[in-house]
Amino acid sequence: MTPTVSHTCARLSQLASPSDNVVMQTTAVTPDLAAHLLPSPNPVQLLDPTGTEVPQEGTRRPYLMPPPERLREVWRAMVIGRRFDIQATALTKQGRLAVYPSSRGQEACQVGATLSVTGNDWVFPTYRESMALVTRGIDPVEVLSLLRGDQHCGYDPKAHKTAPQCTPLSTQLIHAAGAAYGEKRRGTDNVALAFIGDGATSEGDFHEALNFAAVFEAPAIFFVQNNKYAISVPLSKQTKAPALAYKGIGYGVASEQVDGNDPAAVLAVMDVALEHCRAGHGPFLIEAHTYRLDAHTNADDASRYRSSDEVTAWLERDPIARVETWLKAHGALNDDLVSATHAEAETLASDLRDRMNVDPQADPMSLFDNVFEQRTPQLEDARRMVAAELAADAEMEDQS
Amino acid sequence: MSVTMSKALNQALRDSIRADDDVLVFGEDVGTLGGVFRITDGLTQEFGEQRCFDTPLAEAGIVGFALGMCLTGYKPVVEMQFDAFAYPAFEQITSHVAKMRNRTGGKVNLPMVIRIPYAGGIGGVEHHCDSSEGYYAHTAGLKVVTPSNSADAYSLLREAIADPDPVIFMEPKALYWSKQEVELPCKQEPFGKAAIRRPGKDATLVTYGPSVPTALKAAEAATEEGWDVEVVDLRTISPFDDETVVESVRRTGRCVVVSEAQGFAGVSGEVAARVTERCFHSLSAPVLRVSGLETPYPAPMLERTYLPGVDRILDAIARLQWDDTPDLTFAPSHGGAA
Ligand SMILES: Cc1ncc(C[n+]2csc(CCOP(=O)(O)OP(=O)(O)O)c2C)c(N)n1
Ligand SMILES: [Mg+2]
């Protein structure tokens, strides 16, 4: 299923063989040595927006419909993920979060990609991946502490094998390549799943990451959520590539594009990518075509660069409704489970609201910890100064 | 044994690779070739491609890749081919390498070393002679180390590799071929300790890296004028050894900071400020700086004019208000004292 380097070599040796001319003449086709790297000409889709199965034609590789139980698990996590996301946006309005980049509309990517990997694999998220991190099982409050502003990263990246959410665009992809190579050297079959947006594929680090991962045959999956905009800038101003998935071939990276609002297709493509990586064939690039329904963040005004008609059109391609229809049609989901899951999501949301509704404590003295393993004399000096300031403040407060 | 700095660095890498299975060396041309300065000479041959290897030409890639490998327990020692060619890695270094321990509340540390051949004095064409230590020293979370002799080169590099935090290891390329009598392995003073290279009682030259031999020559020449000049070699810019510097200047009462880097907003200005803050009442003259000029690093034929040399240092010493004559040439805003 997955073409390998030896495939290529076999074809190369065919080319060099004396019978080659005959082959060329009879078939009149130039063997395309890089074809196995190319994405399918159209995004892979298994379920159309109405929840109907789509016959598989013309894809580069065979993609299999995931079993209903798995789709139901993804559906459940998407329902919960969306509720989490809506709650996080609400928390910005209540002043509990400094800012929140929503991924509403991108649930199939956030959830589908995340549930495809295991706890032994690495995840390298961006600021947009809060939903993915909640799906990964990280406490939502820990996920949001970056955006709440009490610490840079609320969770333990090593315990969760999940890097801190990354803001400098694309920089985390190189870390993923390095971690994937490290895992390979340690003899595991663990992969690194790195998220990135469409706009960030223009950054140099995206290209360096693909190249490094390819050269070192590192088991990294680069998962591009093409949500059509980088803040306000549409993809057309970002690239002339026929699709972002075509950026893999130049680096020798196998690539695919997928309907990023089709959870079944996301799972199927992730499975192929994972098999490719775990079998030692190097990295894999996935472009998922999706759309963010909300503005870039709560602080952004999306009406300045896109029409409400455009948003409405994407509402009809809802990933949750699509898979829900299919599951119901296949007797894998009933109304009881639907209401139970929505109740579960409400519980998570209200629990999150309650736990975020306290003033977080950030200890000023912690500023001097973790700059280095041991504080330098200069940090000790500054620490003494701040300690004295705090003591003086406390004394003033006592007197008043 | 007479050992060049390059040999000492090579030996430090060799011994670190031998001592710890997780130490890896990679970068541009560091494998088969042994690096353009031959600092990694023979490592691939002795330890194999698994331990010392070439990477694609991409400095952000090299540093970011090293960071990722740290997450899986490795201790990468990466080489930037030249000072100015480390700039593509600047974002990785300042936004990630320097901050990882802090932004993860101490959960993730990065025991990596970024080796950078730096500064001029070798007749290099443009982009091969930058004194870039100030950029790194300005960044919280980075240790910035620069040896000036073979013993320190060995000892500080071993310490850098063993350090749990990221170290920017700046190698003065003009000193790669300088020799010192030393038995390797050796252990010198740890990070954060400056060294008094020459004791003196009349004035202190504070310097580091490529400027240390020049400062020593100037101190030697100053004896002819009757000045007994002390030379302090910082060895590590960060962490900074206030104690040794302050003790020296309080004793001598006069201070000149010598750096090859341009003076404006640089390490030399930082040293001058720290000395003034701490030694004001002991000072008989303002702290002066002799530094690289406020120009881009010049073409090789103009290098001698640019670099702080013995004469310029002696001029600065002469201007340390040894008598009551007012110094009308004093121009503090321009770093360079000439
Ligand atoms: C290096 C860098 N440049 C600029 C920014 C500011 N910025 C934050 S998000 C963003 C848009 C990114 O768009 P895209 O990659 O499509 O991801 P999306 O936000 O759509 O998920 C920009 C320009 C940044 N974070 N990092
Ligand atoms: Mg985008």
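"Buried" here means under 20% relative accessible area, "exposed" means over 50%, and "partly exposed" lies in between, with a 1.4 Å probe and only the protein chains counted. These close-ups show a predicted model, in which local features need pLDDT of at least 70 and side-chain atom pairs count only at pLDDT 80 or more, while totals for chains, interfaces and linings use all residues. Residues are numbered from 1 along each chain as its sequence is written, chains are lettered from A and ligands numbered from 1 in the order in which they are written, and side-chain values use heavy atoms, leaving out hydrogens and water.

**View 1. The magnesium ion (ligand 2) and its protein donors.** Look for Asp198(A) (OD), Asn227(A) (OD1) and Tyr229(A) (O), which lie 2.0 Å from the ion. Donors are N, O and S atoms within 2.8 Å of the metal (3.2 Å for Na, K and Ca), and the site may look incomplete because water is not among the atoms. Along the sequence, the donor residues follow the spacing D-x28-N-x1-Y. Asn227(A) is buried, at 5% relative accessible area, and Tyr229(A) is buried too, at 9%.

**View 2. The residues around ligand 1.** Chains A and B both supply residues here, so the site is shared between chains.

**View 3. Polar contacts of ligand 1 (pairs of N or O atoms within 3.5 Å).** Arg128(A) places a polar side-chain atom 2.7 Å from an oxygen atom of the ligand. Asp198(A) has a side-chain N or O atom 2.7 Å from an oxygen atom of ligand 1. At Leu169(A), a polar backbone atom is 3.2 Å from a nitrogen atom of the ligand. Taken alone, ligand 1 exposes 580 Å², and the protein buries 75% of that (Shrake-Rupley method, 1.4 Å probe).

**View 4. The two domains of chain B.** Domain 1 spans 2–181 and domain 2 spans 195–335, with bounds from an automatic or database domain assignment. Their C-alpha centres lie 28 Å apart. Where they meet, 26 residues of domain 1 of chain B are in contact (heavy atoms within 4.5 Å) with 20 residues of domain 2 of chain B.

Methods. Near = heavy atom within 4 Å. Polar contact = N/O pair within 3.5 Å; in protein donor to acceptor, adjacent residues only side chain to side chain.
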